[in-house]
Amino acid sequence: MPTSEHTQPGSIPPDSLIDHSAAIQYWNSVSPDVNGMLGGFPQISRIDLRASANFLAKVRRLIPSLPESGSLKLGVDCGAGIGRVTQGFLSNVCDQVDVVEPVENFARVVQGGPLKQAGKVGDIYITGLENWVPSKRYDLIWNQWCVGHLTDSQLVEYLVRCKGALSEGGLIVLKENMSTDADKEDMYDELDNTVTRTDQKFRSLFDRAGLNLIKTEEQSGIPKTLGLFPIRFYALRPN
Ligand SMILES: C[S@@+](CC[C@H](N)C(=O)[O-])C[C@H]1O[C@@H](n2cnc3c(N)ncnc32)[C@H](O)[C@@H]1O
């Protein structure tokens, strides 16, 4: 989520502080709407979604086995919340989108929404990414503002599972906040129980997972006056 309030508890590895049940408890206290998903900054949703569509279009040109235009067959929105990204972006570029979200209250919004009724949303998996084992082949595995809920080793294991669940031209995208720590360390947020990682940390985890970074870009256009973290896209393919 695009907050910028973090605390730094000394030299303990920030990801060792992650507590999944505390995170779920936190998200259960958040309203199931765009304001809740975006930490009180609903006004950035439009620019966020537009930038994501632009980024994907650029990445598709880099993958010969993926058609440059036209719908992708199957995508998955990971850590989807109420399905904001599915509704405003992924459903426009994929024939069908599966959803992974551990908070039932949020998953229920997707389940009862018009995209589910129309068949644009496929399966909804109510689970954390650390436990999700994909059973299909995806053209696009989209992760936005959610992998901070996984420890470093959980994230590597998760990415390895995702790598094995890609279609031939498929890709994994992460869109996440970047640490602004003066000492270039990851930062722990005790409010929502997440780790905000450095660019360097992300790249080392991608390496460990055997993934190639085919494109990365910073999200632009979000007013600096909001005081949010920088946000970065990463597009990944198997080595
Ligand atoms: C900041 S919201 C982002 C939601 C959505 N990706 C968006 O951009 O609108 C973070 C989401 O991560 C979910 N989450 C919490 N723990 C998670 C976990 N272990 N695995 C996957 N998602 C998790 C929360 O329930 C919440 O829906």
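Analyst: Let us begin with burial: a residue is called buried under 20% relative accessible area, exposed over 50%, and partly exposed in between, with a 1.4 Å probe and protein chains only. The model is predicted, so local features need pLDDT of at least 70 and side-chain atom pairs count only at pLDDT 80 or more, whereas totals for chains, interfaces and linings use all residues. Residues are numbered from 1 along each chain as its sequence is written, and side-chain values use heavy atoms, with hydrogens and water left out.

User: How much of the protein chain is buried?

Analyst: Of the 239 residues in the protein chain, 53% are buried. The chain exposes about 10500 Å², with carbon and sulfur atoms supplying 49% of that area; such areas come from the Shrake-Rupley method with a 1.4 Å probe, and for residues only the protein chains shown count as cover.

User: What secondary structure does the protein chain have, and how is its radius of gyration to be read?

Analyst: Helices (H or I, at least four residues) and strands (E, at least two) are DSSP runs, numbered from the N terminus. The protein chain has eight helices and nine strands. Its radius of gyration is 17 Å, close to the 18 Å given by the globule rule for 239 residues, so the chain is as compact as a globular protein of that length. The radius is taken over C-alpha atoms, and the rule is 2.2 Å times the number of residues to the power 0.38.

User: How many salt bridges does a search of the whole structure find?

Analyst: Side chains of opposite charge can pair when their charged atoms come close. A salt bridge is a side-chain nitrogen of Lys or Arg within 4 Å of a carboxyl oxygen of Asp or Glu. By this criterion the search finds eleven. One of them joins Asp48 and Lys175, at 2.5 Å from N to O. Asp48 belongs to helix α3 (residues 45–60) and Lys175 to strand β5 (residues 166–177), so the pair ties together parts that are 127 residues apart in sequence.

User: Are Asp48 and Lys175 buried or exposed?

Analyst: Asp48 counts as buried, at 1% relative accessibility, and Lys175 counts as buried at 0%.

User: Where does Arg197 lie, and what does the pair with Asp152 link?

Analyst: The side chains of Arg197 and Asp152 meet in a salt bridge of 2.9 Å, N to O. This pair links distant parts of the chain, 45 residues apart: Arg197 is in the loop between β7 (194–196) and α8 (199–208), and Asp152 is in helix α7 (residues 152–163). Arg197 is buried at 1% relative accessibility, as is Asp152 at 11%. A network of salt bridges links Asp152, Asp186, Arg197 and Lys201.

User: What phi does Trp145 have, and what phi does Lys184 have?

Analyst: Most residues other than glycine have a negative phi, and most peptide bonds are trans. Trp145, although not a glycine, has a positive phi of about 50°; Trp145 is placed in the loop between β4 (138–144) and α7 and is buried, with a relative accessible area of 11%. Lys184, also not a glycine, has a positive phi of about 55°. Lys184 lies in the loop between β5 and β6 (187–189) and is exposed, with a relative accessible area of 64%.
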